[in-house]
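Let's take a walk through this structure together. Have the sequence and the 3D view ready, and we'll go one feature at a time.

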Protein chains: 2
Amino acid sequence: MTRERESDAELRILVAGGAGFIGSHLCRRLHAEGHDVIALDSLITGSRENVRELLGSPRFTLIERDAVRGFTEVVRGRIDRVYNLACPASPVHYQMDPIHTTLTSVLGTLNCLRLAERWGARCLLTSTSEVYGDPEVHPQREDYRGNVSSTGPRACYDEGKRCAESLVMDYRRTRGVSVRIARIFNTYGPNMAVDDGRVVSNFIVQALRGEPLTVYGDGSQTRSLCYVDDLVEGLIGLMERSPVPGPINLGNPEELSVLEIAERVIAAVGRGRIVRRPKPEDDPRRRKPDIGAAERAFGFQPRVPFDEGLRATVAYFERKLKTALLLSAG
Amino acid sequence: MTRERESDAELRILVAGGAGFIGSHLCRRLHAEGHDVIALDSLITGSRENVRELLGSPRFTLIERDAVRGFTEVVRGRIDRVYNLACPASPVHYQMDPIHTTLTSVLGTLNCLRLAERWGARCLLTSTSEVYGDPEVHPQREDYRGNVSSTGPRACYDEGKRCAESLVMDYRRTRGVSVRIARIFNTYGPNMAVDDGRVVSNFIVQALRGEPLTVYGDGSQTRSLCYVDDLVEGLIGLMERSPVPGPINLGNPEELSVLEIAERVIAAVGRGRIVRRPKPEDDPRRRKPDIGAAERAFGFQPRVPFDEGLRATVAYFERKLKTALLLSAG
């Protein structure tokens, strides 16, 4: 801890998963604050495109590397902060290779912790609201122990992250590494993958393509959606200003039914209609963060209203789909 | 699956953790049935002593190897069955190096699955009643999702095993490996380590040494204790005769309060008195298996009454402590 540097200095920061959806926003923000940023990404679900505007900067490096492999030898020089965002987070992605998902969560986190221990750096794990599974209490507080199936198709992600949390806390207890754990709730915004498969991106892409918006079950299941800028603010707050390691929920407690989200997407895009499909196994009925702990610890408060975040996200997907169309036509 | 061999043939069986408490009984039993047995053990909590009577047999091999490391290259020739019992299971042992405990559970299981996949073998994971944490329902059925803290001092074991379960099921779903998962409840018997630290061995060792028997809290917390021979019967039944992969509870549903266990140990040893100590963090209040699934799947039924199992265990610890005394005097 004695070697730990303050955040008002220029820091060297590693962001595992730095070319992913949230990771790329975090990199941009940290870079804008004057820090040296090293993004590590397997580019399986992340993309070079997400960090294109940073690639020319002498204070930004992108290393293509799977976090499952150790990376001590490819990351040169001192590191002051390690953010671990390396893991596919959408069911469609994390279920493509569930064994790799588990290993990404567990070994990716282990490798981040090893790097942090080596440099006396602080290490933040982005865990997930999925550690609460299909929760029986609402909103979810950090001391709720969850309702997770350890053997179902979502377990690779949920249990991988729970296991990663336990590793992080053991590094703190037994090795004295300074750690933080964020439990991220649903987040949306530019740089989401077109095939992300989660509710906001699904609906926007469907509406833009003139396809019907797919609502699973009766659509009464809720999501609490946080705009990515608010989430990044929370991650940095937790890393730099929190007196406690967490786990701490980060998200937006405003609860919307899936049906309502569909309707507001239709309004934002200006077209679209809804179709219903059966609810898949293990799909959470409801998810709403209690963010009291983050508020108390470092004044976290999401500020971007849903309709405003939605407009920026629709604009991003419009560009993205247009480019894709041009490329496929070209 | 086409390569899978029947259990009435002579099988080549790998037992990871084969020199441990339960592992050594399993090895002895499988060896007695005529199979070739390869025990793999780090000898951190297991011991050569536990399998001494097998060491001269041409059908038994002990490989000293940490399951965290891959072992495909040290295990030669065909393997038909893989039992994974490689993990310290008592809190005092698994909390000594919690990071290693997590990795033993996750990577040890991964390595067993890889070996099983390579040979078309069936792979059985010994998971634990600890996946239920501090349960809110009694008895615990396999579909109970548990009440586990992912950040407490027991998480290395509990979450490690939950994560291992998810890996096993993903190997089944995505690679077609034939798998079984046992959730083992409290087990006792000869070959427990003197410093195991769990209730039965603690009480017996304390009574034999003329020390007071330590009861944590008011002693009303319960344990359901299964004699090791019954448990081994259950493991083989699950591996060879179960039509379902599990997870399946194995244990003895007879519930005893910790206070009652202390009193029966005092009766079996013929001396001893009780002292009370504060209850440690995260200590389960109650644990009782519902073994209906194991009964239906392969006729599992524990047969050894507690007082009978206790006599055999007391006799073992008497020999063990006498030897230790002779050695220290010698």
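In which loop does A:Leu43 lie? A:Leu43 sits in the loop of chain A between β2 (36–41) and β3 (60–64). Helices here (H or I, at least four residues) and strands (E, at least two) are DSSP runs, numbered from the N terminus.

## Before you dig in

This is a predicted model, in which local features need pLDDT of at least 70 and side-chain atom pairs count only at pLDDT 80 or more, while totals for chains, interfaces and linings use all residues. Residues are numbered from 1 along each chain as its sequence is written, and chains are lettered from A and ligands numbered from 1 in the order in which they are written.

As for confidence, chain A averages a pLDDT of 94, and 96% of its residues score at least 70; pLDDT is the predictor's confidence in each residue, from 0 to 100. The model's scores are ipTM 0.93 and pTM 0.94.

## How the two chains meet

Chain B and chain A each put 26 residues into their contact. Two residues are in contact if their C-beta atoms, placed from the backbone, lie within 7 Å. On chain B's side, α3 (98–119) and α4 (155–175) each supply at least two residues, and α4(B) gives the largest share, with 13 residues. Sorted by class, that side of chain B has 12 nonpolar, nine polar and five charged residues. For this sorting, Ala, Val, Leu, Ile, Met, Phe, Trp, Tyr, Cys and Pro count as nonpolar, Asp, Glu, Lys and Arg as charged, and the others, Gly among them, as polar.

In chain A, take helix α5 (residues 199–208) and helix α7 (residues 258–269): their axes come within 9 Å and cross at roughly 40°. That makes α5(A) oblique to α7(A). Axes are lines fitted to C-alpha atoms, for helices over the stretch in contact, and angles run from 0 to 180 degrees between N-to-C directions. Angles under 35 degrees count as roughly parallel, over 145 as roughly antiparallel, 65 to 115 as roughly perpendicular and the rest as oblique. The crossing of α5(A) and α7(A) is right-handed; a crossing is called left-handed if the near helix is turned anticlockwise from the far one by less than a right angle, and right-handed if clockwise. Among the residues making this contact are A:Phe203 and A:Leu208 of α5(A) and A:Ile261 and A:Val265 of α7(A). By class, the contact has 12 nonpolar residues, with no polar and no charged ones.

Over in chain B, helix α1 (residues 21–32) packs against helix α6 (residues 228–241) at an angle of about 65°, with the axes 10 Å apart. The crossing of α1(B) and α6(B) is right-handed. Contact residues include B:His25 and B:Arg29 of α1(B), along with B:Asp229 and B:Leu235 of α6(B). The contact of α1(B) with α6(B) divides into seven nonpolar, one polar and two charged residues.

Most residues other than glycine have a negative phi, and most peptide bonds are trans.

Where are the cis peptide bonds described here? One joins A:Gly246 and A:Pro247, with omega about 5°, and A:Pro247 is found in the loop between α6 (228–241) and β11 (248–250) of chain A. Another runs from B:His138 to B:Pro139, with omega near -15°; B:Pro139 has its place in the loop between β5 (122–128) and α4 of chain B.
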